[in-house]
Amino acid sequence: MAAAPVLPLAGSASSAGIETLRLSDASRAAWTVAAERLVYPDYHDLAAWTAFRESATALAERFVPKEMREALQAFFAPTGDPAIVLENLPVDPSLPPIPESGMRPVGKTAVSEVAITGILCQWGELLSFTNEKDGSPIHEVVPVPGREILQSNAGRVKFGFHSDNAFLPSWFKQQGILLYGLLNEKTATSVVTAEQILQAAPAELASLLAQPIFRHACPASFSLGDARALSAPCPILWRDERGLMRVSAASSTIIPVTPEAELALELFRSLLDELVPAKVVVRPGTALLFKDDRVLHGRDAFQGPRWLQRAYFTDSLDLLRDVTASDWRAFSFDARVLRSGRERA
Ligand SMILES: [Fe+2]
């Protein structure tokens with residue numbers, strides 16, 4: 001097992017190390033050749049998507065070595081580490097130009113998508129929302145002309161610490177995020193853990209952050225037809241029934257619902273500025289996986305070309321399919337229905 005190449009930053013006593021595993025060159029080459037034979041489907045066709053998912057999962061079972069498989073199994077367990085890094089994974093030998101539309105280029109081969117789908121669907125499920133990037137199971141994270149100054153996956157400016165989709169009830173949103181590098185030489189993704197935040201927070205602040213007095217707004221990347229879509233009042237930082245620290249903070253606006261919440265939010269943001277994050281450069285062939293409510297993530301500002309892919313994952317889609325009365329193979333759900341859907345089953 002390789003030592004983590006990037007973390008923690010020198011001089012930091014509080015940033016967490018992230019386990020990092022590297023695929024052998026031989027396995028990477030063999031997996032790439034096999035993946036090139038698969039064709040990326042029209043994901044609206046659920047039969048075609050399911051066939052692709054099954055083929056991709058079979059290839060991952062064949063090419064992910066025992067040590068990496070065991071580390072991933074431990075990561076995907078409910079009490080597993082909040083993040084893991086995989087290196088030297090397959091990337092398409094010939095990539096088309098970076099898609100300025102933010103949508104997958106039609107001519108791209110499916111190598112990275114085969115690896116992403118195979119890794120995630122061995123232990124969990126991909127999840128997307130019909131209101132974001134046309135419900136695509138795998139998102140292109142690229143700077144989009146005209147949107148570069150937004151704090152979003154389409155931007156170039158520094159993207160502060162946040163969780164994705166904090167406006168949704170926790171039982172309906174993704175449990176984790178995978179970021180996969182196609183083109184990116186030096187822009188780092190930053191991660192701070194909920195435990196790290198708790199350790200740095202004065203007790204009074206931690207107590208306020210654990211109260212359901214914050215409402216999270218819908219991010220810029222969603223089109224819900226309701227710009228003021230907000231979560232129910234919920235905590236930002238809390239300990240769950242397993243004793244694990246959890247954190248949730250929207251990338252867009254957070255509305256404090258009491259004067260104490262307003263002060264706590266201000267102090268929380270100042271606290272985040274003082275923490276030393278783990279930093280991972282998601283280079284070509286690198287995958288960073290993290291639990292979205294065990295860490296907050298952000299991104300440095302950057303110039304030049306950058307193309308990552310992103311996939312949301314969860315352990316089961318049964319509740320989402322049930323609540324939205326969807327096909328048993330569905331993986332993409334309408335966030336408007338989930339916002340107004342029934343409570344946890
Ligand atoms: Fe994000």
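**Core, helix packing and overall dimensions of the predicted model**

Within the largest nonpolar core, which has 87 residues, Leu-178, Ala-287 and Leu-288 touch the most other members. A nonpolar core is here a set of buried Ala, Val, Leu, Ile, Met, Phe, Trp, Tyr and Cys residues joined through C-beta atoms within 7 Å. A residue is buried if 20 or more other C-beta atoms lie within 10 Å of its own, exposed if 12 or fewer, and partly exposed in between, with C-beta atoms placed from the backbone. The structure is a predicted model, in which local features need pLDDT of at least 70 and side-chain atom pairs count only at pLDDT 80 or more, while totals for chains, interfaces and linings use all residues. Residues are numbered from 1 along each chain as its sequence is written.

Leaving aside residues up to four places away in sequence, Ala-287 touches Leu-86, Leu-89, Ile-119, Leu-178, Leu-179 and Tyr-180. Contact requires that the C-beta atoms of two residues, placed from the backbone, lie within 7 Å.

One of these partners, Ile-119, is also among the buried residues of helix H4. Ten of the 13 residues of H4 are buried, so this helix is largely enclosed by the rest of the structure. Helices (H or I, at least four residues) and strands (E, at least two) are DSSP runs, numbered from the N terminus.

Helix H4 (residues 111-123) packs against helix H1 (residues 25-36) at an angle of about 110 degrees, the axes being 8 Å apart. The axes are lines fitted to C-alpha atoms, for helices over the stretch in contact, and angles run from 0 to 180 degrees between N-to-C directions. H1 and H4 are therefore roughly perpendicular to each other, a term that covers 65 to 115 degrees. In this contact, Trp-31, Thr-32, Ala-35 and Glu-36 of H1 meet Val-111, Val-114 and Ala-115 of H4.

Elsewhere, Arg-215 is found in strand E8 (residues 214-216). Arg-215 has 19 C-beta neighbours inside 10 Å and therefore counts as partly exposed.

The protein chain contains nine helices and 16 strands. Of its 345 residues, 43% count as buried. Among contacts with a separation of 6 or more, 78% join residues 24 or more positions apart.

How values were computed:
Parallel < 35°, antiparallel > 145°, perpendicular 65-115°, else oblique.
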